[in-house]
Amino acid sequence: MSTIVLDEAKTIKTLNNISEKGLHVFKDIYTLDDNHENPDAIVVRSFNMHSMEFGNHLKAIARAGAGVNNIPVEQCTEQGIVVFNTPGANANAVKELVLTSVMASSRNLFDGVAWAKTLEGEGEQVSKLVEAGKKQFVGKEISGKTLGVIGLGAIGALVANDALRLGMDVIGYDPFISVDTAWNLSRNVQRANTIEQLFANCDYITVHVPLTDDTIGMFNEETFSFMKPGVQILNFSRGGLVNEDDMATALESGKIGRYITDFPNDKVLKMENVVPVPHLGASTKESEENCAIMAARQVKDFLETGNIKNSVNFPNTSLPYTGRRRVAAFHKNVPNMVGQISSAISNLNLNIADMVNRSRGDYAYTMVDIENNVNGDITPSLEEKINQIEGIVTTRII
């Protein structure tokens, strides 16, 4: 158990180059100091934090992006440090690249451009050679073809909706689709009841799911057997979703027509009919700015109000902030914690104005607003009372 001390001036540390538009969110009482050893919050992109030690002032880490593999999330949870990510902030950038790849690969654009480059030095013969050689790159149009979208989150839903506008038929599969996504998804997206149903009916398949124990290697010899011959697979999510040995065999046999991946490695580069994209999915100026702004706003809101949105290790929790003194406590998810926190407050003759409690796995988060009629600084006494409760991880008075 530890108490996080909240100074009025808050220090923000960055571990990568973060967009200036994002950093501009931190103004007024915030100080940006990349050399600070014990900041209030850290904003990071790809920097590996697993060997870092965190000071007792650190309250939040925000990843300007979706993946948090570079952050020791379990350690942060045990220390009461909220880890944020920015789902959806780079969705448009990835969507555009996915649909670009669908069209370009269908028209054999990548191979055609590479071949045209080999004509350098042929002088006046280039035009004739182009006309004679272009027939080897005859492609197909995507209009009327069927695209399967696995994972209908922020990115997958955008891909599905825009593919429909391009004249494609779209089949979606996501057993965990959220209500918000369902509202934003076109009614013309066909629903697959099983992933095998999607595999069997699609000319193109794009995947937009996280890499977990359940999804690792989900594209493999067995799942390939359900697919149409010559199907094109696009992977702009995580390289580990594909069993690369099985993919190499399927490409060689023609079962898979083309594999477009944002995660090339030496094994993938040796395969035939692969389009290796150098991890460009979210690499746009707009995407980096959107991620940075979203990360900064989430950290700022948490530091100033205690509210949590888009955390990967603690529950999303919101309580309208009215300026009252607020208790924010991370604790083990065990019985009677809320009752004990309430008792600690009432034992100091303080009235509760509002409160909220949310849990996630083995941990929970409780915020309690105190009535305004408070004489003097209650922080030391209140922290002491709450910290005496077994199971409290961190306490903060806002």
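Me: Which residue with a positive phi follows H3?

Reply: Happy to start there, with the reminder that this is a predicted model. Asn108 follows H3, and its phi is positive, near 55°.

Me: And how do I read the span of H3, residues 91–106?

Reply: Compare the end-to-end C-alpha distance with the one expected at 1.5 Å a residue. H3 has 16 residues and reaches 23 Å, close to the expected 22 Å.

Me: Which residues of H3 are buried, and what covers them?

Reply: Among the buried ones are Ala91, Val94, Val98, Leu99 and Val102. Lys95 is on that list too, along with Ser101, Ser105 and Ser106. Their cover includes the helices H4 (109–117), H6 (154–165) and H12 (285–305), and also the strands S10, S11 and S12 (256–261).

Me: Which residues touch the most other members of the largest nonpolar core?

Reply: The general idea first: in soluble globular proteins, nonpolar side chains tend to be buried together. Here the largest core has 32 residues, and Ile12, Phe84, Val299, Phe302, Ile308 and Phe330 touch the most other members. Elements that each supply at least two residues include S4 (41–44), S6 (82–84), S14 (326–332) and S16 (363–370). H12 gives the most to this core, with seven residues.

Me: What is Ile308 in contact with, beyond its neighbours within four places in sequence?

Reply: Its partners include Val82, Phe84, Phe302, Phe314, Phe330 and Tyr365. There is also a second, separate core of 27 residues, which includes Ala192, Ile195, Val231 and Met271.

Me: Which backbone atoms lie by polar atoms of the Asn220 side chain?

Reply: There are two to look at. The backbone oxygen of Gly217 is 2.7 Å from a polar atom of that side chain, and the backbone nitrogen of Glu222 is 3.0 Å from one. Setting aside residues up to four places away in sequence, Asn220 touches Asn243 and Asp246.

Me: How does Phe226 count by its relative accessibility?

Reply: Phe226 counts as partly exposed, since its relative accessibility is 35%. Phe226 lies in the loop between H9 and strand S11 (231–235). Beyond its neighbours within four places in sequence, Phe226 is in contact with Glu196, Phe199 and Ala200.

Definitions and conventions. Residues numbered from 1 in each chain as written. Predicted model: local features only at pLDDT ≥ 70, side-chain atom pairs only at ≥ 80, totals over all residues. Heavy atoms only, no water. Polar contact = N/O pair within 3.5 Å; in protein donor to acceptor, adjacent residues only side chain to side chain. Contact = heavy atoms within 4.5 Å. Helix = DSSP H or I, 4+ residues; strand = E, 2+ residues; numbered from the N terminus. Buried < 20%, exposed > 50% of the residue type's maximum accessible area, 1.4 Å probe, protein only. Expected span 1.5 Å × (residues − 1). Core = buried A, V, L, I, M, F, W, Y, C linked by side-chain atoms within 4.5 Å.
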